[in-house]
Amino acid sequence: RIVSTTEVEGWNENGGFCGTQNSQKVHFVARFSKSASSFGTLKEENVIDGLREQSGARIGAYFRFNASQGETLHLKIGISFVSIANARRNLEAEQPGWDFDGVRKNANAIWESQLSRIKVEGGTAEQRKLFYTALYRALLHPSTYNDVNGEYIAMGNKRIKKLPPDQAAMYTVFSLWDTYRTLHPLMTLVYPERQSDFIKTMIDQYREGGFLPKWELTSDETYVMVGDPALPVIADSYVKGIRDFDVQTAYEAMAKSSTQIINNPIRPGLGQYIKHGYIPHDKPAESVWGSASTSLEYNFADWTLAQLAKSLGRDADYKKFLQRSKGYRHLYDPGTRFLRPRNQDGRWMEPFNPDALFGSLEGVDFPSGGPGFVEGNAWQYLFFVPHDINSLIDLIGKDAFLEKLIACFEKADRFVLFNEPDMSYPYLFNYVEGEAWRTQKAVREAMNHYFNSSPGGYPGNDDCGTVSSWYIFSAMGFYPACPASTTYQIGSPVFDKVTIQLNRN
């Protein structure tokens, strides 16, 4: 709708993220720095002079201006997920004037303040450029969701709510299956005040929608990917000292997704998982993408819940969830020395090809994962027991474990950095006495292979800062191979000195 010769407002609705049914409506107000001499709207190929309002799928508005040679025309836009009125409020509060250079200078100062939380010395100019590019990308998501008046759209029922007084912001875009591994441990370490608000947002989403988020997008739960990835995020933050949130409600929410068998959209197959210690591959009670991968994700999520239970003095829960976390042993086949899908009667799924990258989802033409696995294969999930690597080594045997791990890096499609379960694998050589040099070598080779400053020198799918955060940790020389523990694995730093400014608001 054209409001005047200087302003247009409207909204656009879109959705279908990764084939889901979610949708989001974005409202906008756009304002010009001078009045237009004429205007109109268009729909399809039809242009209608003077018409102020238009609706439909392929629509637009146009403005004509009388401008002198060299004159600058400015346009500023406010957006809101709540309303057009809030989009106008955001615009007026955040950009009240027309000082383009001032806005650019202010944005530069804000980014300088955020990026300088970590200061690096040494390395090459390219390595420093890559490092701060990665840090910039890591700070893009989750993103602020509330308007300047504190209003936002609630999870589930889509009511308009107000930001709680103890939160600086409400956030959206929780790509948790990806980000729990690297991004959130980075935020916990370097930006704890932001990580605290992430967790408060997640708890709010539990109160509003009944469960913690799995892959939330503008207050819609998409249920994309597998596991129970909110649990590692919350547990990791708590055990590392971020505790200014309602931990009792957080624990209640975490325990709910881990124990509620009926009507639990976060953990399909939970009943079978509890009954067998793993999710059977042959027709489990609920449709599960990747029976083995999902079982392993549940194992790790349960271990992180056990760590929080231990911190809170819930000893019975600690023992229960710790025992559950060892369920990966049911999937270990000593004959092939792989973790592999298993049927309800205990027999192994056949046929079994540890290098298979297709077959987990019918009717799709992308590598959705080999049968029983999610976006990976048996090679890429053999080592996905981040909470119990020493026991996994004992299970496989030290020599066989090392042999398998070396083989994982010798074939092109076995270690893929931007495939999330693989990310910690360069650091697993540290667990074998005398083999830490292989970690240092593998980390440096991965950094050099996947990252450079050419136009195509960065992995295309950053998964909301996940890949960038891997680079940041690896360049600094240490890595959170097991979130919800206080241990970092040492790698191969590229800088002479790294200074992290901790706990600065």
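Predicted model: local features only at pLDDT ≥ 70, side-chain atom pairs only at ≥ 80, totals over all residues.
Helix α6 provides the largest share of the lining of the second largest cavity, namely 3 residues; helices (H or I, at least four residues) and strands (E, at least two) are DSSP runs, numbered from the N terminus. Residues are numbered from 1 along each chain as its sequence is written, and side-chain values use heavy atoms, with hydrogens and water left out.

The volume of the second largest cavity is about 40 Å³. A cavity is defined on a 1 Å grid over the protein atoms alone as a set of points where a 1.4 Å probe fits but cannot get out, and lining residues have an atom within 4 Å of a point. Grid points are joined across faces, edges and corners, and a volume is the space filled by probe spheres set on the points. Its lining consists of Y145, Y152, I153, M155, M170, Y171, T201, Q205, E208, E216 and S219. Two or more of these residues are given by each of the elements β10 (151-153) and α6 (192-209). The lining of the second largest cavity comprises 6 nonpolar, 3 polar and 2 charged residues, where Ala, Val, Leu, Ile, Met, Phe, Trp, Tyr, Cys and Pro count as nonpolar, Asp, Glu, Lys and Arg as charged, and the others, Gly among them, as polar.

In total, 2 cavities of 30 Å³ or more were counted. The largest cavity holds about 100 Å³ of space. It is lined by 13 residues, of which R181, F384, P386, S424 and A481 are the closest to its centre. By class, 10 residues of the lining of the largest cavity are nonpolar, 1 is polar and 2 are charged.

Residue D236 is located in helix α7 (residues 230-239). With a relative accessible area of 2%, D236 is buried (under 20% relative accessible area; exposed means over 50% and partly exposed in between, with a 1.4 Å probe and protein chains only). Apart from neighbours within four places in sequence, D236 is in contact (heavy atoms within 4.5 Å) with P185, T188, P483, A484 and S485.

The count of disulfides, each a pair of cysteine sulfur atoms within 2.5 Å, is 0. C18 takes part in no disulfide, the nearest cysteine sulfur being that of C464, 10 Å away. For C464, the closest cysteine sulfur is likewise in C18, and the separation of 10 Å is too far for a bond. C18 is exposed, with a relative accessible area of 58%, whereas C464 is buried, at 19%.

Note on methods. 1 Å grid on protein atoms, 1.4 Å probe; cavity = no way out; pocket = protein on both sides within 12 Å on 5 of 7 lines; lining within 4 Å.
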